[in-house]
Amino acid sequence: MGTIQKRDDNKGRTTYQARVRKTGFPALSKNFDTKADAQQWITEREAEMSRGVFVDTRAADEWTVGRLLARYREEVTPKKKGAEVEGIRIKAMERDRISQFAVAHLTPKAVAEYRDRRIAAGKSGATVNRDLATLHHVLEIARKEWSIGMPNNAVSQVSRAKANPGRTRRLSPEEEQALRAACKATRNGYLEVCITLALETAMRQSEIIGLDWEFIDLDKRVIHLTVTKNGEGRGVPLSSAAVAALKEIDAPMIHGKRHGPVFKGVTASALKQSFAKTVDRAGLVDFRFHDLRHEATSRLFEKQFNPMEVSSVTGHKSLAMLKRYTHLMAADLAKRLG
């Protein structure tokens, strides 16, 4: 049953404390400026208890989104294969003003404003949607595993950002030559090898820096990827250029075989920063590491591999994901038509 107690403070200000007590539920109380607001709150809470939809949001009043993000980053993120990248993403979210909201007061409007700020800052639709997906999962973990009750997940009620058109940036022969020349001016010795592997195998950045000699057979010219973005392993054939690049790497030998990580100590952020600096030094404009994967895939089609063969190399999970390359197939078909 709900009760209301009138209170006057030392300054003569009147407030009304609403209380709800019902067997099987936690005792609740909240202060209001008016008796009508207090009564409405009691009516709503009692109705929720009667319908079996009551959610205790007291913890959500105490936790901020920033605290949740930090806990998630420390406890959940390290268990993921993309931990480094997700950690960077979450830290950026912690710096945004959305982190200042109490979880109980995080509304769809606040989430939508966060989405729009990210878009206005020049982030792609795909990047913004990854941010929203991460925030959604943080709130779900808090609700289901950390006993931080909330009526609903505010992110679920927000429209996702419009996806940008797929990039079609190609690397010209002159640009590749300039990029390789710039690599030779860097202090590290791994960047050009990474670029060669990306262009020759269409592997993702995470797959390249995660390579281990245990799963590389230079004699049979194949790499066995056990952990990939889509969760399925695959065999990646190696061209003679890729094999030559790998043989240039100094690696510890055990029983006559190379052993350990191929790029020991190289992180995703280190490779990203090194590549960006090298691109600038080479004079390339609007070129990202992931564009190397697109270039490699394009070259496979230009070598007249069919879509099934290409997907087995690149790891694209569905042929629909290769639609952007159909213009290359059309050009080849036109030549064959005569």
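What do the buried residues of H3 pack against? My notes follow, with that one picked up in point 4.

1. Ground rules. This is a predicted model, where local features need pLDDT of at least 70 and side-chain atom pairs count only at pLDDT 80 or more, while totals for chains, interfaces and linings use all residues. Numbering starts from 1 along each chain as its sequence is written, and side-chain values use heavy atoms, with hydrogens and water left out. Helices (H or I, at least four residues) and strands (E, at least two) are DSSP runs, numbered from the N terminus.

2. Domains. The protein chain splits into domain 1 (2-54), domain 2 (62-157) and domain 3 (173-337); the bounds come from an automatic or database domain assignment. Between the C-alpha centres of domain 1 and domain 2 there are 31 Å.

3. Axes are lines fitted to C-alpha atoms, for helices over the stretch in contact, and angles run from 0 to 180 degrees between N-to-C directions. Looking at one pair, S1 and S2 (residues 14-20) are joined in the antiparallel sense over seven bridges, and Thr 3 sits opposite Arg 19 in S2.

4. Back to H3. Its buried residues pack against H4 (83-95) and H6 (125-145). H3 itself covers residues 65-75, and the buried set is Val 65, Gly 66, Leu 68, Leu 69, Ala 70 and Tyr 72. Buried is under 20% relative accessible area, exposed over 50%, and partly exposed in between (1.4 Å probe, protein chains only).

5. S4 (residues 216-217) and S5 (residues 222-225) run antiparallel, joined by two bridges. Asp 217 has Val 222 in S5 as its bridge partner. The hairpin has four residues between these strands, and in it Arg 221 takes a positive phi near 60°. S5 also runs antiparallel to S6 (residues 234-237), this time with four bridges; there Val 222 is partnered by Pro 237.

6. Cysteines. The disulfide count is zero, using the rule of a pair of cysteine sulfur atoms within 2.5 Å.

7. H8 against H12. The axes of H8 (residues 191-201) and H12 come within 7 Å and cross at roughly 40°, so the two helices are oblique to each other. For the cut-offs: angles under 35 degrees count as roughly parallel, over 145 as roughly antiparallel, 65 to 115 as roughly perpendicular, and the rest as oblique. Cys 194, Ile 195, Ala 198 and Leu 199 of H8 make the contact with Phe 289, Leu 292, Glu 295, Ala 296 and Arg 299 of H12. Contact means heavy atoms within 4.5 Å.

8. One histidine worth a look. His 294 lies in H12 (residues 289-302) and counts as buried at 6% relative accessibility. Leaving out residues up to four places away in sequence, His 294 touches Arg 167, Thr 168, Arg 169, Arg 170, Arg 324 and Tyr 325.

How values were computed. Pairing = 2+ DSSP bridges.
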